[in-house]
Amino acid sequence: GFEEALLEERPAEARVLADESELTGGVQVGRVYDLLESYRQSVIEARLAARGLDPEIVMPFSVESVNVATPQEMSGAFLGMMLPMFIVLWALVGGMYTAIDVTAGEKERLTLEPLLTTPVGRAHLVLGKLMAVVTTSLVALALSVTSMLVAFALVPVWGGDGGALRMQVDLRTALLLVLASLPVVLMFSALEMAVCILARSFKEAQNYIVPLQFVVLIPAIGVMVMPDLAPPLAGYAIPIFSTLVVLRDLFLGRVDVAAFAVMTGSALLYAALAVLLALRQFGRERVLFRV
């Protein structure tokens, strides 16, 4: 049998034949390898002890892993891996239904035409709707982030050394997070209005919004799986991606003023272009009265 082969005095090899239907991932196989390695070491020590030899002669040194990161750095790394994706995603989803309701929803309810006949400028009308979408998105974003931080504070997250991590964000970091998120919220709100006004109904507008979620998720997952990613200064002009990287760095406690300035300036530029696009869409009669 397998145990007899391992206990023989002559050297023997042990192979693990894993059926793909039973072991479908590397985690299970790794557990088997760890178990066999521990058993192999115990057999070696028993054989050396039987011959009167010290088992330490086959262990010239030992390796010990020591975590030099502070609890604040560990908690920042944990939050920086998760929250940037959720913040940008909530910036998109938070005001999505409000954007649909004030555009395609009004077209479906036939309330957009009477609204356009009121003595209010078209630009003021669009900006008013935009402020409603931005406000809804910011409230949803603030509530979501606050609830997650409160949950982390109430339920401890255990670190690699067995201690609990305190998930806390200081006031300065919180203000910078809000400042970094504002341009993205404004850009997404304007884009949602510009896209949803093309739809004839509420349900059709929902289908138009879905591709925007992939625009957020793809760079968010990339930043999450590459925690050491450090783009050049010009890379902070890339929309969405730069915001994700800056948010991650804020949680880690490392703020590059130049990178933050480039990200904020470029994000404001993209937000302004999105607002202009929304204004242009509301100025086209073919779009507003599309049936």
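Start with the second largest cavity, which holds about 40 Å³ of space. A cavity here is a set of points on a 1 Å grid over the protein atoms alone where a 1.4 Å probe fits but cannot get out. Its volume is the space filled by probe spheres set on the points, with grid points joined across faces, edges and corners. The model is predicted, and local features need pLDDT of at least 70, side-chain atom pairs count only at pLDDT 80 or more, while totals for chains, interfaces and linings use all residues. Residues are numbered from 1 along each chain as its sequence is written, and side-chain values use heavy atoms, with hydrogens and water left out.

Select the lining of this cavity (residues with an atom within 4 Å of a point): Val 184, Met 187, Ile 238, Pro 239, Ile 240, Ser 242, Thr 243, Met 263, Ser 266, Ala 267 and Tyr 270. Colour them by class: 8 are nonpolar, 3 polar and none charged. In this scheme Ala, Val, Leu, Ile, Met, Phe, Trp, Tyr, Cys and Pro are nonpolar, Asp, Glu, Lys and Arg are charged, and the others, Gly among them, are polar.

Next, show helices H7 (171–196), H9 and H10, each of which supplies at least two residues of this lining. Helices are DSSP runs (H or I, at least four residues), numbered from the N terminus. H10 gives the largest share, 4 residues.

Now move to the largest cavity, with a volume of about 60 Å³. Select Tyr 236, Val 246, Asp 249, Leu 250, Arg 254, Val 255, Asp 256, Ala 259 and Phe 260, which line the largest cavity. Here 6 are nonpolar, none polar and 3 charged.

The tour ends here: the count is 2 cavities of 30 Å³ or more.

How values were computed
1 Å grid on protein atoms, 1.4 Å probe; cavity = no way out; pocket = protein on both sides within 12 Å on 5 of 7 lines; lining within 4 Å.
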